[in-house]
Every structure is written in C-alpha cells, then in structure tokens.
Amino acid sequence: MSRAYSRRIFLARSGAVTAAAAVTAAPTAARAAGPARRPVLPDVPVRKEALTDPTEATLAEAATLLRHRRLTAVRLVQAHLDRITAYDATYQAYVTVTGTQALAAAKEADRRPSGPLAGIPLCIKDNYFTAGVRTTANSFIFDRFTPAYDATSVARLKGAGGIVIGKGQMGPLATTRATTPDGRITTVNAWTPTDPSVDPGGSSTGPACAVAARMATSSIGTQTGGSIVLPSNQQNLTGLKPTMGRTSVYGVIPLSFTRDHSGPLARDAMDAAIMLTVLAGPDPHDPRTLGLPRVPDLVQAATPARRNGKVGLRRATRIGVPPDYLTGASARVIALRKAFLATLEAIPGARTVEVSYPADWSLLTGAFNDVRLAERTEPFHAWLQKDPTLFGVSLLSWLGGLMLSGDEWVTGQRAKTHLLREVLDGVLNDCDVVLQTGPVPFDILGLPEIGFPIGFDGDVPVGTILGGGPYEEDRLLEVVAAYQAVTDWQWRRPADPPQARVMARAARPRIDAVTAAAKSA
C-alpha cells in the first residue's frame, strides 16, 4: 500500500469523522459484531524467569507455553489472581476483579483451547462495555451501569480466547490519572507503589499498573490525549495507539468523538502487535473503521529482522528527531534520550535525521487543542443539566466545553486541518517516523504512535514516543522491535510492594478540580 494512497484515505476519513454525528454515551444497538482476527503466533524463546513464574511471561511467551502444554490456563490465571489478592490493596489497579468467571474460562481453555489468546488473562479499562460486568468509567454517572453486551474490542479479545480477569481503574471519565470520582488518588505507579505522588500516567492508569505489576499478561486502554502512551512510558510498558479507525471504539464510553482510540498496553512490541492484530479491522457499528487499508502483518513487523546474526530494520527507516527532543527535560532524561539515539543509529537500516517544526507549531498544538472540550459535553448534556456534581473532580473540563462557542469549534477544526497538513507534508515529508516529547499532535490528528521504555531515572521508568504516518503501525513496530532486540528495558519488572506498608485509601492525597482540569486529556 503506497503512502500517498494511505494519506488520501486518511484525509477523507478525517473529514468525515469531523462532520459526523457524535456517538451516544451509552450505545444501544445490537451486540458488537465482527470475529476476532487470528494472528499466527510464533514460538518464542521462553526466559527462565517465565518458566519459574508465569506472571513474568510476556503474552508471546505465555502463548508458547500454553500451546506446547508446558503451562495450563488455570495455573496462569490463578497465578495472576494470587498476585491481585496479595498486592492490589496497594496498587489499586482494579475496580472489579472477575476471578470466578476467569477461572471458569481458564478451565474451558484447557479442555478446548480456541484462538491465539486462549488462556491469556487480560485487564480491560473500565470504560469498555463488558457484558454482565459493571462498567463505571470511574464516574458517579455510570456507577450502577452494567452493559448487556461487550464492546467490539472486548468481544474480539474474548473471541480469540482471551480471558477477562478484571476491569482496570482509570481517570474519572477518562480525563486524568486514576482517582476516585471526587479526586482521591487510587492507582499508583507499579514502580513506586508506596509513593502515590509519583505519576503513573493516565487515564489508562489501572490497565498499565496491572500489566507492570504482573496482575495481567496484557491490557487494553483508550487514548484521547495520551492515555495509552503516557502510562506506558511511566510504567515501563509498550503502548500502541493505532491510527483513527484501525480499531473500533463501539461500546466505549466516549470522551471525544474525533480523538478516541482503542489500543493495547503491553510488555513489548510483539505483545502489542499480537493484541492489535486481534483488535483491528472493520466494525459495522463504527463507521470510522470501514473502507480502510488492510491491516498489515503486525506480528511479522514485531519480529526482529536478523542478517548474519545481527539485528537490523526490515526496511531502511529515517527517524526524525525534532528540535525539542534533546532540550526541555532533566539532565538524566536527556542523557537517556542521547543513549537511545546512539543505540538506534547502530542498528543497520536506521538513520536519524533532524526535522523542524513550522513557525505556528506552538499555537496549533496548544491553544487550539481546547476545542476537544466541546466534544465531551455533547453526549453528556442531560447529566450536566440534571446534576453537575455527577462529574466530580472532572467537572471543569465539561463546563469548559459547554462554554466554547460554535465559531471557536469551527476555527479549531480548521486549525486541526492545517496542523495535519504541516505534519504529513512537513515533518513526515522528511522522515518515515518521528520522535516526540509528548503525545501531541499525533493523538489530536488520529495518527499512530507508540510509547516504549528507554531506561530509568532512579526508580522511575523513562519512555519515549514514536509517531508515524496513517496506517503505518507496522513501521513503528519494526523500529521498536529492533530496539528492544538489542536492549533489555522491556524485560525489567518492579519489585513487589512490602505488604506491611499497604496504603489505605484514606491515606492517599486528593487532586482538586483545577489540577484535574489542567492535567485533563
């Protein structure tokens, strides 16, 4: 598929999405349709740590062990449930644990394995509809809501044999790091579990913590303003936000119609590729997914290429380095970024190139980003009129959208179109993929990006973000897989929290509405 053709489709689709009617907060159509895709999973070498403790295994390692009957689904699921019992009082990664159902599904998977994810325990962010399981979006509004059917993404994971082990805690209505709806911090960073002040990333905080703390093999989150890549960066994971429409958001409680994305938070590039392969594809309930270029072989893209025993890129790739990549951060983070670039440049096929921003970059990625707020108010008008206190600590974001005028929203959409042209015909004209210091502008525009680890600043993981062209998730995976083949950051796991220092909910600080609005997705 040529890049020019992909861009034409993406531009046409972006215009259609902007003009479309908003999705309702609680979809009421028939059950999500569409079978799960079935990637052919490779047999991967299994590390001794994973042989000793199945919660250490990546998805690919666990699937290899399960296929060869060296591990049972019951043992794998039970091991994760044991960790939840032992440690989640500290982590508070889960809002709901479905242990009984998960074990029953595991027994069935051992009797009749079906699908590439058969027996794999997964954490689902709590804004995805899950049939018969409470779905709250961590809000007062949906506190008692139990869907009758699964979101398309959940249905596809289950259709591939995946086992839902629980619902991951999240920022209230997907706006900030995970707190209670009234702002008290819940989920912590798995690497600093006794210090709730350390940022764990949001709003997919719980799904990230569950995987990092070995309480799920993989997870899915949503991203509107960084909510997949940021928790991944903060907790040493590989999170992939696909191109708009690559995955369905049907059955996801919405935040922004033109910016919501569904994607995996995984342990490495291979796991992210496997998860995205299952999730991706057309869904008649989500028109954004229809008529797109075919999904490439993501598993192959995430398999490091080797020539004469040396890891190299599958395709020669120009990696853009923007002017702010080596500035505006701590000395330690800048040192890690320099080391990361040096490692990349040593990989055959990779070439770093300097790229520049247009003169109006700060304006386009800053002030105009506020137009997203109007999109979150539209499906929630009834609740705003009924009782604004239902929005808890995130109320100011909804009020801000309510006060945005129609002409401001139109101007913002024009600015977004201009920004898209600046990225596609400017920044990405000089490179194939581009490094970023944050999720903007790729999440604004619906372009794919991937967050992955590059080191540690003390005890806290440090990651970076790589953005690409429309429908080029495979190119992102190729770069990250090669980098991870010559480094070991993705193999590192945090120490277990000391159980004697379990922190009670009441001891955790609270963020106020002003702080929540400032940090809102």
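These are my notebook entries on a predicted model.

**Conventions.** I number residues from 1 along each chain as its sequence is written. In this predicted model I require pLDDT of at least 70 for local features and 80 or more for side-chain atom pairs, while totals for chains, interfaces and linings use all residues, and side-chain values use heavy atoms, with hydrogens and water left out.

**Sheet.** I looked up the strand order first. Helices (H or I, at least four residues) and strands (E, at least two) are DSSP runs, numbered from the N terminus. I found an open sheet of eleven strands with mixed pairing, in the order 1-3-2-4-6-5-12-13-11-9-10. Its edges are strand 1 (94-97) and strand 10 (350-354), each pairing on one side only; pairing requires at least two DSSP bridges between two strands. From one strand to the next, the twist averages 30°. Strand 1 runs antiparallel to strand 3 (residues 163-168), and three bridges join them. Threonine 96 has lysine 167 in strand 3 as its bridge partner.

**Valine 95.** I placed this residue in strand 1. Its relative accessibility is 27%, so I record valine 95 as partly exposed; buried means under 20% relative accessible area, exposed over 50%, and partly exposed in between (1.4 Å probe, protein chains only). Leaving aside neighbours within four places in sequence, valine 95 is in contact (heavy atoms within 4.5 Å) with Asp126, Arg134, Lys167, Gly168 and Gln169. Valine 95 and aspartate 126 lie 31 residues apart in sequence and 7.7 Å apart in space, C-alpha to C-alpha.

**Helices across the sheet.** I noted that helix 7 (residues 205-212) lies across strands including strand 4 (218-223), to which it runs at about 155°. Helix 18 (residues 473-485) lies across strands including strand 12 (449-457), running at about 20° to strand 12. Axes are lines fitted to C-alpha atoms, for helices over the stretch in contact, and angles run from 0 to 180 degrees between N-to-C directions.

I checked burial here. Eight of the nine residues of helix 3 (residues 59-67) are buried, so the helix is largely enclosed by the rest of the structure. The cover over these buried residues includes helix 2 (48-52), helix 4 (73-91), strand 4 and helix 9. Just after helix 3, arginine 69 has a positive phi of about 60°. Threonine 58 sits in the loop between helix 2 and helix 3 and, at 3% relative accessibility, counts as buried. Beyond its neighbours within four places in sequence, threonine 58 has contacts that include Arg47, Asp271 and Trp491.

**Aspartate 286.** I located this residue in the loop between helix 9 (269-279) and helix 10 (298-301). At 2% relative accessibility, aspartate 286 counts as buried. A polar atom of its side chain lies 3.0 Å from the backbone nitrogen of valine 249. Apart from neighbours within four places in sequence, aspartate 286 is in contact with Thr247, Ser248, Val249 and Tyr250.

**Largest pocket.** I looked up which residues lie closest to the centre of the largest pocket. The volume is about 810 Å³. Of the 39 lining residues, those closest to the centre are Asp199, Gly201, Leu230, Gln234 and Pro439. Strand 13 gives the most to this lining, with five residues. On a 1 Å grid over the protein atoms alone, a pocket is an open set of points where a 1.4 Å probe fits, with protein on both sides within 12 Å along at least five of seven lines; lining residues have an atom within 4 Å of a point. The volume is the space filled by probe spheres set on the points, which are joined across faces, edges and corners.

How values were computed: Polar contact = N/O pair within 3.5 Å; in protein donor to acceptor, adjacent residues only side chain to side chain.
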